[in-house]
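Here is a briefing on side-chain packing, charge pairs and ring contacts. Keep the model open while reading.

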Amino acid sequence: MQETFHKISPEEIQNNPFHMIGKDWMLVTAEKEGKVNTMTASWGGVGVLWNRNVVYVFIRPQRYTKEFIDNAETFSLSVLPQDYKKTLSYLGTVSGRDEDKIAKSGLTVAHDGATPYFEEAETVLVCRKLYRQEMTPESFIDGSLVGANYPNNDYHAMYVAEIQDVLVKG
């Protein structure tokens with residue numbers, strides 16, 4: 001029997017965010033004109049900003065998912081169990097421009113309102129965009145980060161989004 005999701009408040013999240021983002025990874029997912037696209041991310045965070053519970057994610061300009069995030073008011077962050085690590089790796093290396101990677105992954109798209117997420121997830125954060133900023137080389141205080149992370153000058157855009165819903169299994 002498949003477990004169903006229930007909603008909790010952001011303050012009730014039990015998972016360690018450093019593990020959830022940096023070790024488990026997450027799928028950043030949005031919809032544009034009836035089509036869903038996703039990408040794997042292992043950079044980001046959660047916190048409080050502007051008196052709101054927020055997430056922040058970083059997306060490089062060449063990522064197809066960026067078009068979807070830019071077009072949508074909301075997006076989701078889906079954290080899947082460890083046995084999906086190979087699927088997450090695939091979704092992070094193949095572009096949705098080139099193939100229907102979601103169909104090939106075998107994952108099941110569901111929606112919380114208009115926001116797509118994955119049924120296989122253990123935790124889903126449904127987020128509404130608040131802010132976007134392009135990263136620039138002159139903004140780095142530690143210049144070594146530029147050479148180590150941006151040899152192609154493809155600086156991320158940072159998105160700050162309010163957590164609207166938290167869905168957890170169980």
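## Around T65

Leaving aside its neighbours within four places in sequence, T65 is in contact with V28, N37, T38 and M39. T65 is found in helix α2. T65 is buried, at a relative accessible area of 1%. The model is predicted.

**Nonpolar cores**

- The largest nonpolar core has 26 residues.
- V28, V55, F75 and L77 have the most contacts inside this core.
- Several elements each supply at least two residues of this core, including α1 (17-22), β2 (26-32), β3 (35-41) and β5 (52-59).
- Helix α2 (64-71), β6 (74-79), β9 (123-134) and β10 (157-169) are also among the elements that each supply at least two.
- The largest share, six residues, comes from β10.
- Not counting residues up to four places away in sequence, V55 touches G45, V46, F75, L77, L125, C127, Y159, V160, A161 and I163.
- In soluble globular proteins, nonpolar side chains tend to be buried together.

**Salt bridges**

- How many salt bridges does the structure hold? There are eleven.
- D165 and K7 meet through their side chains in a salt bridge, at 3.4 Å from N to O. D165 is in strand β10 and K7 in strand β1 (residues 5-8), so this pair links distant parts of the chain, 158 residues apart. K7 counts as exposed, because its relative accessibility is 51% and the cut-off for exposed is over 50%.
- K32 and E67 form a salt bridge at 3.2 Å, N to O. K32 lies in strand β2 and E67 in helix α2, so the pair ties together parts that are 35 residues apart in sequence.
- Is K32 buried or exposed? K32 counts as buried, at 19% relative accessibility; the cut-off for buried is under 20%. E67 is partly exposed, with a relative accessible area of 33%.
- R132 and D70 meet in a salt bridge at 3.5 Å, N to O. This pair also links distant parts of the chain: R132 in strand β9 and D70 in helix α2, 62 residues apart.
- R132 is partly exposed at 45% relative accessible area. D70 is partly exposed too, at 30%.
- A network of salt bridges links K66, D70, R132 and E134.
- Side chains of opposite charge can pair when their charged atoms come close.

**Aromatic pairs**

- The whole structure contains seven aromatic pairs.
- Y56 and F58 form an edge-to-face pair, with 5.9 Å centre to centre and 85 degrees between the planes. Y56 is partly exposed, with a relative accessible area of 33%. F58 is buried, at 18%.
- F140 and Y150 have ring centres 5.8 Å apart and planes at 55 degrees, so the pair is tilted. F140 sits in the loop between β9 and α5 (144-149), and Y150 in the loop between α5 and β10, ten residues apart.
- Y150 counts as buried, at 4% relative accessibility.
- F140, Y150 and Y155 form one aromatic cluster.

**Charges over rings**

- Which ring face does K32 lie over? K32 lies over the face of F68, at 5.4 Å from the ring centre. K32 is also the salt-bridge partner of E67.
- K85 lies over the face of W25, at 3.7 Å from the ring centre.

Notes
Residues are numbered from 1 along each chain as its sequence is written. This is a predicted model: local features need pLDDT of at least 70, side-chain atom pairs count only at pLDDT 80 or more; totals for chains, interfaces and linings use all residues. Side-chain values use heavy atoms; hydrogens and water are left out. A nonpolar core is a set of buried Ala, Val, Leu, Ile, Met, Phe, Trp, Tyr and Cys residues joined through side-chain atoms within 4.5 Å. Buried means under 20% relative accessible area, exposed over 50%, partly exposed in between (1.4 Å probe, protein chains only). Helices (H or I, at least four residues) and strands (E, at least two) are DSSP runs, numbered from the N terminus. Contact means heavy atoms within 4.5 Å. A salt bridge is a side-chain nitrogen of Lys or Arg within 4 Å of a carboxyl oxygen of Asp or Glu. Rings of Phe, Tyr and Trp (its six-membered ring) pair if their centres lie within 6.5 Å; planes under 30 degrees apart count as stacked, over 60 as edge-to-face and the rest as tilted. A charge sits over a ring if NZ of Lys or CZ of Arg is within 6 Å of the ring centre and within 35 degrees of the ring normal.
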